[in-house]
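Here is a short report on one protein model. It covers the overall layout, helix packing and a few loop residues.

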Amino acid sequence: ATPNLGPNVNPEEFRAVTTSVAGAVVTASTAFALVWLIHWSRDERTNSFHKGRISFVIATFILVGTVLYAYARRQWLLYLRQQAVKAASTVVTNLQAFNSSSSAGLLLIQEVELVARGYRLSQPLPPITRLEEKGQQRRCARLRKVLRTTFSECIPAIEDSCLRLRHLITEDDLEKYLDIYEIGPQDVQEATVGFHADEFEDNESLKALRMWQYRFTILRKVFLCSLLSLEAR
């Protein structure tokens, strides 16, 4: 079945079987050779199979079958490897795009809240989370809800993927990549807390959304480091 990897992926790139001139010539030559061997194994005088020749033909059949099986297995594993690399590349690209979109969404909410309260936009922006504690009316309610819902779906999924990849990699390799991306054990421990609906009193506050954004960012990097730690075979 053709994998569903997104609208930007061409399904024709994932065809497992392709036709080539070399493959057709090899198939025809092999079939002709096997038929000729069967004809050669027959004794024309007695119109029966010669024991020595039929033994040679059987051994040839076994050898050809073994070679074809090994070649087919190699081609299938090569196809699976290419498909896995393309799928992993698509996933990493989508995760990076979502991380940028969610960061931009949180920044927009913070700017809108500051402007609504009479503050000027500056760099860095003043902390809005303290102002939200005063119970004033909030803006961007739909965007807050979308971010909360998306984090609730993405964080457990990527956390589960990281746990599955842990069984396929060595801890030393993973730690090397985590050190390259400057991800410490404390960051990983905080990110593995995941998403819990009852963790915050208000799940749509900027404090909660920023915490989940931070955990998602760390988990995304851990997932990338886990993919890089996989042994290529």
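Is Cys-140 buried, partly exposed or exposed? Cys-140 is partly exposed, because its relative accessible area is 24%, and buried would require a value under 20%. This residue sits in the loop between helix H3 (129-132) and H4. Its backbone stands out too: phi is positive, about 55°, although Cys-140 is not a glycine.

**Overall layout**

The model is predicted. The protein holds seven helices and two strands. Read from the N terminus, the order of elements is α-β-β-α-α-α-α-α-α. The protein has 233 residues, and 27% of them are buried. Take the contacts between residues at least 6 apart in sequence: 69% of these join residues at least 24 apart.

**Helix H4**

H4 covers residues 141-166, which is 26 residues. From first C-alpha to last, H4 reaches 38 Å. That is close to the 38 Å expected at 1.5 Å a residue. Which residues of H4 are buried? They are Arg-144, Leu-147, Phe-151, Ile-155, Ile-158, Glu-159, Cys-162 and Leu-165. Two charged side chains, Arg-144 and Glu-159, are therefore on the buried list.

Two packed helices are described by the angle between their axes and the distance between the axes.

| Helix pair | Angle between axes | Axis distance |
|---|---|---|
| H4 and H7 | about 30° | 9 Å |
| H5 and H7 | about 130° | 9 Å |

Start with H4 and H7. Their angle of about 30° makes H4 roughly parallel to H7. The crossing of H4 and H7 is left-handed. On the H4 side, the contact is made by Arg-144, Leu-147, Arg-148, Phe-151, Cys-154, Ile-155, Ile-158, Glu-159, Ser-161, Cys-162 and Leu-165. On the H7 side, the residues are Leu-206, Leu-209, Trp-212, Gln-213, Phe-216, Leu-219, Arg-220, Val-222, Phe-223, Ser-226 and Leu-227. By class, this contact has 15 nonpolar, three polar and four charged residues.

Now H5 and H7. H5 spans residues 171-180, and H7 spans residues 206-229. At about 130°, H5 and H7 are oblique to each other. Their crossing is right-handed. Asp-173, Leu-174, Tyr-177 and Leu-178 of H5 meet Val-222, Cys-225, Ser-226, Leu-228 and Ser-229 of H7. This contact has six nonpolar, two polar and one charged residues.

Where does Glu-182 lie? Glu-182 is in the loop between H5 and H6. Phi of Glu-182 is near 55°, again a positive value in a residue other than glycine. Glu-182 is exposed, because its relative accessible area is 71%.

His-196 lies in the next loop to consider, between helix H6 (185-191) and H7. His-196 is partly exposed, with a relative accessible area of 38%. Along the chain, His-196 and Ile-155 are 41 residues apart. Their C-alpha atoms are separated by 10.0 Å.

Terms used. Residues numbered from 1 in each chain as written. Predicted model: local features only at pLDDT ≥ 70, side-chain atom pairs only at ≥ 80, totals over all residues. Heavy atoms only, no water. Axes fitted to C-alpha atoms, helices over the stretch in contact; angles between N-to-C directions. Helix = DSSP H or I, 4+ residues; strand = E, 2+ residues; numbered from the N terminus. Parallel < 35°, antiparallel > 145°, perpendicular 65-115°, else oblique. Left-handed = near helix turned anticlockwise from the far one by under 90°. Contact = heavy atoms within 4.5 Å. Expected span 1.5 Å × (residues − 1). Buried < 20%, exposed > 50% of the residue type's maximum accessible area, 1.4 Å probe, protein only.
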